[in-house]
Amino acid sequence: MAAAALAAALALLAGACGGGGPLGNPDDVQNPPGTTGRKLAFAYYQRCIFPLMLAELTTPGGSTATCGGGGCHDNTTGTGGALRVIRSATALDVTDAANTADVIRASDMYKNYYSAQGVTIPGEALQSRLLAKPLLLNMLHGGGQIFGSEDDPNAKLIQYWIEHPAPKDQDEFSAATYSMFSPADPNTGTCKTE
């Protein structure tokens with residue numbers, strides 16, 4: 001009988017952990033709606049964001065950091081949370097008809113893209129862990145502060161990517177996302193930040 005009473009008490013407590021409930025916990029956390037269902041541009045990730053994951057970045061403290069480094073976000077040896085980077089991923093020509101969506105989605109570059117998109121809220125850059133963590137915006141980052149401010153050129157690349165998802169009802173390969181380059185060519189254009 002005592003075991004049944006204990007089980008009932010534990011069930012009551014467990015039910016209260018998610019917010020609300022008899023113990024007066026605050027309401028459940030509600031995430032901002034963002035631009036639900038929209039995809040971030042694969043071409044821009046591949047050309048402008050992935051290189052940041054491999055680059056030796058100078059931190060505000062003067063040291064260097066590499067996101068995709070062995071102990072950080074490297075896919076095989078990293079301990080840095082959900083973001084994973086396959087450093088050996090190779091770029092794909094997204095304008096080549098042979099590189100269909102299925103071919104790209106099977107690639108290591110797409111796995112990197114998918115991992116990065118998983119720590120973003122499309123349309124909400126400063127709410128996204130991919131940018132908020134290296135800026136130390138209300139959350140801890142095991143790698144410390146990587147960008148001194150939102151004005152850091154690399155932070156601006158990430159911010160631009162997140163804030164310019166593909167048009168509604170279009171996928172991550174949409175040619176409409178090529179406007180994120182100047183000229184609008186994902187193979188030769190410069191990565192825009194404004």
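Start at tyrosine 45. Leaving aside residues up to four places away in sequence, tyrosine 45 touches Phe50, Pro51, Met53, Met109, Asn112, Tyr113, Ala116 and Trp161. The model is a predicted one.

Now follow helix 2 itself. Helix 2 runs for 13 residues. From first C-alpha to last, helix 2 reaches 17 Å, close to the 18 Å expected at 1.5 Å a residue. Helix 2 is not straight throughout: at cysteine 48 there is a bend of about 35°. Proline 51 follows within four residues of that bend.

How enclosed is helix 2? Because 10 of its 13 residues are buried, helix 2 is largely enclosed by the rest of the structure. The buried set is Phe42, Ala43, Tyr44, Tyr45, Gln46, Cys48, Ile49, Phe50, Leu52 and Met53.

Next, look at the rings. The model has 12 aromatic pairs. One of them joins tyrosine 44 and tyrosine 160. A pair of aromatic rings is described by the distance of the centres and the angle of the planes. For Tyr44 and Tyr160, the centres are 5.6 Å apart and the planes make an angle of 45°, a tilted pair. This pair links distant parts of the chain. Tyrosine 44 sits in helix 2 and tyrosine 160 in helix 6, 116 residues apart. Both tyrosine 44 and tyrosine 160 are buried.

Tyr45 returns in an aromatic cluster. Phe42, Tyr45, Phe50, Tyr110, Tyr113, Tyr114, Trp161 and Phe173 make up one such cluster. Among its members, Phe50, Tyr113 and Trp161 are also contacts of Tyr45.

Finally, turn to a loop residue. Phenylalanine 147 lies in the loop between helix 5 and helix 6. Is phenylalanine 147 buried or exposed? Its relative accessible area is 3%, so phenylalanine 147 is buried. Which residues does phenylalanine 147 touch, not counting those up to four places away in sequence? They are Leu57, Pro60, Leu131, Pro134, Leu135, Asp152, Asn154, Ala155 and Ile158.

Note on methods: Residues are numbered from 1 along each chain as its sequence is written. This is a predicted model: local features need pLDDT of at least 70, side-chain atom pairs count only at pLDDT 80 or more; totals for chains, interfaces and linings use all residues. Side-chain values use heavy atoms; hydrogens and water are left out. Contact means heavy atoms within 4.5 Å. Helices (H or I, at least four residues) and strands (E, at least two) are DSSP runs, numbered from the N terminus. Buried means under 20% relative accessible area, exposed over 50%, partly exposed in between (1.4 Å probe, protein chains only). The expected span of a helix is 1.5 Å times one less than its number of residues. The bend at a residue is the angle between axes fitted to the seven residues ending there and the seven starting there. Rings of Phe, Tyr and Trp (its six-membered ring) pair if their centres lie within 6.5 Å; planes under 30 degrees apart count as stacked, over 60 as edge-to-face and the rest as tilted.
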